[in-house]
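User: I have a model open and want to learn how to read it. Can you take me through it feature by feature?

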Amino acid sequence: MFAISLGDGAELRPLEPWRAEEFLTHMDRARDLVDEHIRFAQLVTDPASARAVLTSYAEKQAADSGRIYGIWLDSTLVGGVLFPMFDAANGTCEVGCWLEPAVTGRGLVTRAARVLIDWAVEERGMHRVEWHVSSANTPSVRVAQRLGMTRDGVLRQSYPYRGVRQNTEIWSVLAPEWRQRPGAE
């Protein structure tokens, strides 16, 4: 089995369809926090929908257009990171994340996102990695900042969520910037 240590008992692993029940149980714990800013939790409400979400990402991975990974802490699925969009031909991808409330503030998402960005830039030759986030999602904005991304701009009132039009911030890092960041090998 594939797993990458994130330190402190945390691991990054592929989140595959056979883990649908575990994913659903995790999403039930994470739902309130995740649903605060994104619709992702609304997609996972029962075993069939959990499997459907994971199957859609398995299909994206097979088509080289996206991927999803879970973050396990002490053998419990507590969050994840993903490529909702992966365009190898144009060298651009987007990284996203979610996490359970009980494990926020530990740097798990930042460490996991670094692994994804390293892989995208170094292994797949991506030139631009994006991070799309609601302006109201301060913790996710802070992750983009910790990753050394630059805020490219704001798509004002770009989508309705919970009856309110949301602003979407677009953050990015380019491959040369990623390779030159402090601590890069």
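Analyst: We will go through helices, a pocket, backbone angles and a few single residues. Keep in mind that this is a predicted model.

User: Which residues of α2 are buried?

Analyst: Use the cut-off: buried means under 20% relative accessible area, and exposed means over 50%. The buried residues of α2 are S49, A50, V53, L54 and Y57. They cover an arc of only 135 degrees around the axis, so they sit on the same side of α2.

User: Which residues are exposed on the other side of α2?

Analyst: A48, E59 and A62 are exposed there.

User: What covers the buried residues of α2?

Analyst: The cover includes α1, β3 (67-73) and β4.

User: Now α4. Which of its residues are buried?

Analyst: Helix α4 runs over residues 138-146, and its buried residues are S140, V141, V143 and A144. Their arc around the axis is only 155 degrees, which puts them on the same side of α4.

User: What do the buried residues of α4 pack against?

Analyst: Four elements: β5 (92-99), α3 (108-123), β6 (128-134) and β8 (164-174).

User: What happens in the backbone just after α4?

Analyst: G148 takes a positive phi of about 80 degrees there.

User: Which residue other than glycine has a positive phi near 55 degrees?

Analyst: R162 does. R162 is in the loop between β7 and β8. With a relative accessible area of 55%, R162 is exposed. D8 is another case: its phi is positive, about 55 degrees, although D8 is not a glycine. D8 is in the loop between β1 (4-7) and β2. It is exposed too, with a relative accessible area of 66%.

User: Which element gives the most to the lining of the largest pocket?

Analyst: β5 does, with six residues. Elements that each supply at least two residues include α1 (20-35), β4 (76-87), α3 and β7 (150-161). Also among them are β6, α4 and β8.

User: How do the lining residues divide into nonpolar, polar and charged?

Analyst: The lining has 21 nonpolar, twelve polar and four charged residues.

User: Let's turn to single residues. Is L12 buried or exposed?

Analyst: Check the accessible area, then the contacts. L12 is in strand β2 (residues 10-14). Its relative accessible area is 1%, so L12 is buried. Leaving out residues up to four places away in sequence, L12 touches residues including F2, I4, Y69, I71, V81 and V115.

User: Where does M126 lie?

Analyst: M126 lies in the loop between α3 and β6. At 1% relative accessibility, M126 counts as buried. Beyond residues up to four places away in sequence, M126 touches F86, T92, C93 and V121, among others.

User: How many Å apart are L12 and M126 in space?

Analyst: They are 20 Å apart, C-alpha to C-alpha, and 114 residues apart in sequence. M126 and G153 are 27 residues apart in sequence and 21 Å apart in space, again C-alpha to C-alpha.

Note on methods:
Residues are numbered from 1 along each chain as its sequence is written. This is a predicted model: local features need pLDDT of at least 70, side-chain atom pairs count only at pLDDT 80 or more; totals for chains, interfaces and linings use all residues. Side-chain values use heavy atoms; hydrogens and water are left out. Buried means under 20% relative accessible area, exposed over 50%, partly exposed in between (1.4 Å probe, protein chains only). The arc is that of the directions from the helix axis to the C-beta atoms. Contact means heavy atoms within 4.5 Å. Ala, Val, Leu, Ile, Met, Phe, Trp, Tyr, Cys and Pro count as nonpolar, Asp, Glu, Lys and Arg as charged, and the others, Gly among them, as polar.
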